[in-house]
Amino acid sequence: MNAPDLPLALAHLMETMGSKAKVASAHMARAQAAIKNRALLNLAALLRQNVAALQSANAKDVARAQAAGLAAPLLDRLLLTPKIIETGAIGCEQLAIMPDVIGEIIGMKQQPSGIRVGQMRVPIGVFGMIYESRPNVTIEAASLAIKSGNACILRGGSEAIESNKALAALVQQVLADAGLPLEVVQLVPTTDREAVGLLITMPQYVDVIIPRGGKGLIERISRDAKVPVIKHLDGNCHVYVDDPCDIAMAVKVADNAKTQKYSPCNASEGLLVARGVAADFLPQIGAVYAAKGVEMRCDAEARAILAGVKAANIQPATEQDWHEEYLAPIISIKVVAGLDEAIAHINQYSSHHTDAILTRDHMHAQRFLREVDSASVMVNASTRFADGFEFGLGAEIGISTDKFHARGPVGIEGLTSLKYVVLGDGEIRT
């Protein structure tokens, strides 16, 4: 094939995938719950049976990414470990035992005219998933598509192509065994970036686009898409240590929120500490961070308190640090007067993803929950819990910081829509 033919061939490929997905989505909308659940259980079993093969495929991606100098956070997200595979399998099992919400009718009310009006939950139709690294997203997206009665077109990053192909092959096997259309889950087979541009401009086939990746990718998709987008641009999450609080608990949670894993979007990037507990709390958390090699970028008051911490890497914070999503062993630290200043700081600088308060004051906790304008707001818990699996959704397709349709981790219900249904007995409007 000549070079000029390539764009035409790619357009034909994406058009074909889109039309097949549309047909498959109609089939899935009427698929029986038992069939979908059996497919999910079979997928869980196949994942466990193929750990070695999946890791072998993943090793090829990792080696290529290392040679290409892929950034450390993306390289970390690229790994397909036995634990990650097992989490995917458990997610499939969780979804299988969850109620099937498709066709559920809610809010049915009798009207004065005699008609009854309610809302029925139905699949969105076809969603496009665009993601970097994170081959586990292939299973999360596929399993949620099956459970929610949708079809999906997956376009993973070129760095994870071998891993994604191996995972998609297992999904295709499960669909075939269940008698479901193979086009329910399609993986774009090319690494050509033009495929993304085509996928996000096919509203005749694709009902929503869900990007998971760096801020640049999501900004580009949000700007260029002709299809609605469920998105979050970044994860500048905060932990606020209140006065009063349990200092030991606060140290444990602030440590976990930052260091359990540096690369996820729900890792804490900012630490706010009430002035009343700063002298007790900061030296303790500072010692923990110092031992783990975490750089602390602090305001003047926090720097003064942390000055005596042995081996600590303490730097002055700039205005940009309050905005920053590091995805690295770096955290910004600021001493605040109390709850009001903490809430104001979070609402100004956070990305409205996930923010937590550590407190013993019930009223402070309630105010934080009400007033912090984020998709997930937590009391006395690590921000690392902001995840569909941890929230009991079985899996997540992504995390939305939008305020319409879906907000926070997007699971089954986030991939559905409500339509009005009217039941009558010959009523007419007069």
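Me: Which residue takes a positive phi just after α7, and at about how many degrees?
Reply: This is a predicted model, so keep that in mind for every value here. Helix α7 covers residues 161–178. Just past its end the backbone turns to a positive phi at G179, about 75 degrees.

Me: How far does α7 reach from its first C-alpha to its last?
Reply: Helix α7 has 18 residues. At 1.5 Å a residue, the expected reach is 26 Å. The model comes close to that, with a span of 26 Å.

Me: Which residue caps the N-terminal end of α10?
Reply: Helix α10 runs over residues 247–259. A side-chain oxygen lies 3.1 Å from the backbone nitrogen of A248 there. The residue that supplies this oxygen is D246.

Me: And what covers the buried residues of α10?
Reply: Among the buried residues of α10 are I247, V251, V253 and A254, and also D255 and K258. The cover over them takes in strands as well as a helix. It includes β7, β8, β11, β12 and α11.

Me: Is S133 buried or exposed?
Reply: S133 sits in the loop between β3 and α6. Its contacts beyond four places in sequence are L70, L74, R77, L78, E159 and A160. Since its relative accessibility is 0%, under the 20% cut-off, S133 counts as buried.

Me: Which residue's backbone oxygen lies 3.0 Å from a polar atom of the S133 side chain?
Reply: Look among the residues S133 touches, which include L70, L74 and L78. One of them brings its backbone oxygen to 3.0 Å from the serine side chain, and that residue is L74.

Me: D100 and K36 form a salt bridge, so how many residues apart are they?
Reply: The closest N and O atoms of D100 and K36 are 3.2 Å apart. D100 is in the loop between α5 and β1, while K36 belongs to helix α2. D100 is partly exposed at 27%, whereas K36 is buried at 1%. The pair links distant parts of the chain, with a separation of 64 residues.

Me: Why are R64 and D61 separated by about one helical turn?
Reply: Their side chains meet in a salt bridge at 2.7 Å, N to O. R64 is partly exposed at 37%, while D61 is buried at 0%. An α-helix has 3.6 residues a turn, so residues three or four places apart point the same way. The separation is about one turn because R64 and D61 are three residues apart in helix α3.

Me: Which helices hold R367 and D340?
Reply: R367 and D340 meet in a salt bridge, 2.7 Å from N to O. R367 is partly exposed, at 25%. The two residues are 27 places apart, with R367 in α14 and D340 in α13.

Me: Which residue lies over the face of W322?
Reply: As for aromatic pairs, the count is zero. W322 does have a charged side chain over its ring, at 5.6 Å from the centre. That residue is K334.

Conventions
Residues numbered from 1 in each chain as written. Predicted model: local features only at pLDDT ≥ 70, side-chain atom pairs only at ≥ 80, totals over all residues. Heavy atoms only, no water. Salt bridge = Lys/Arg side-chain N within 4 Å of Asp/Glu carboxyl O. Helix = DSSP H or I, 4+ residues; strand = E, 2+ residues; numbered from the N terminus. Buried < 20%, exposed > 50% of the residue type's maximum accessible area, 1.4 Å probe, protein only. Polar contact = N/O pair within 3.5 Å; in protein donor to acceptor, adjacent residues only side chain to side chain. Contact = heavy atoms within 4.5 Å. Phe/Tyr/Trp six-rings, centres within 6.5 Å; stacked < 30°, edge-to-face > 60°. Lys NZ or Arg CZ within 6 Å of the ring centre and 35° of its normal. Expected span 1.5 Å × (residues − 1).
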